[in-house]
Amino acid sequence: MSSAPTTDLIDELTDLLEAEQRALLDGDLTGVTALAERKAALIAALDKAPIQPGDLHGLRAALDRNQTLLRGASDGIKAVAERLRALKRTRDTLETYGRDGKRETIPAHKTKTVEKRA
């Protein structure tokens, strides 16, 4: 079996991965970011610790689970960014098709002055 310090590292990393999972499920990306540095430090410490076969089985499942959640969060952020870009393009230009069937882009006229009436 593992030594006590190694077991403590595994337990601490397990707790941290559970906190990371909760933060990901809650959409708390600031919380996830705050945990990242500590997670990296714990993984680096485990890399140097004496580990027996099978000691990391539970950690592997938690790491895989969180990796899937992180990938989903990243995909969601990319989708939102693309949607915002599309909305900006819609606001700035109008895309349509001409008589020849080719796409035409018509720039939006932006008025930067305010008309005051008495």
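Select Arg38 and Glu12 to begin: their side chains meet in a salt bridge, 2.3 Å from N to O (a salt bridge is a side-chain nitrogen of Lys or Arg within 4 Å of a carboxyl oxygen of Asp or Glu). Arg38 belongs to helix H2 and Glu12 to helix H1, so this pair ties together parts that are 26 residues apart in sequence. Helices here are DSSP runs of H or I with at least four residues, numbered from the N terminus.

Before moving on, a word about what is on screen: this is a predicted model, in which local features need pLDDT of at least 70 and side-chain atom pairs count only at pLDDT 80 or more, while totals for chains, interfaces and linings use all residues. Residues are numbered from 1 along each chain as its sequence is written, and side-chain values use heavy atoms, with hydrogens and water left out.

Now colour the pair by accessibility. Arg38 counts as partly exposed because its relative accessibility is 39%, and Glu12 is partly exposed too, at 34%. The cut-offs are under 20% relative accessible area for buried, over 50% for exposed, and partly exposed in between, with a 1.4 Å probe and protein chains only.

**Next stop: Glu20 and Lys39**

Are Glu20 and Lys39 buried or exposed? Both are buried, and Lys39 counts as such because its relative accessibility is 16%. Their side chains meet in a salt bridge of 2.9 Å, N to O. With Glu20 in helix H1 and Lys39 in helix H2, the pair ties together parts that are 19 residues apart in sequence. Leaving aside residues up to four places away in sequence, Lys39 touches Leu13, Leu16, Leu17, Glu20 and Leu70, where contact means heavy atoms within 4.5 Å.

**Into the core**

Select Leu9, Ile10, Leu13, Leu16, Leu17, Leu42, Leu46, Ala49, Leu59 and Ala62: these 10 residues make up the largest nonpolar core. Such a core is a set of buried Ala, Val, Leu, Ile, Met, Phe, Trp, Tyr and Cys residues joined through side-chain atoms within 4.5 Å. H1, H2 and H3 each supply at least two of its residues, and H1 gives the largest share, 5 residues. Zoom in on Leu42, which touches Leu9, Glu12, Leu13 and Leu16 when residues up to four places away in sequence are not counted. In soluble globular proteins, nonpolar side chains tend to be buried together.

**Along H3**

Now follow H3, residues 57–92. This helix has 36 residues and reaches 53 Å from its first C-alpha to its last, close to the 52 Å expected (1.5 Å times one less than the number of residues). Its buried residues are Leu59, Ala62, Asn66, Ala86 and Asp92.

Pick out Arg60 and Asp64, whose side chains meet in a salt bridge of 3.4 Å, N to O. Both lie in H3, 4 residues apart, about one turn of the helix. Arg60 counts as exposed at 55% relative accessibility, whereas Asp64 is partly exposed at 38%. A search of the whole structure finds 5 salt bridges.

Finish with Val80, Leu84 and Leu87, which form a nonpolar surface patch with about 270 Å² of accessible area together. Patches are made of residues with over 30% relative accessible area and no salt bridge, joining like charges within 9 Å and nonpolar side chains (Val, Leu, Ile, Met, Phe, Trp, Tyr) within 5 Å. The areas come from the Shrake-Rupley method with a 1.4 Å probe, and for residues only the protein chains shown count as cover.
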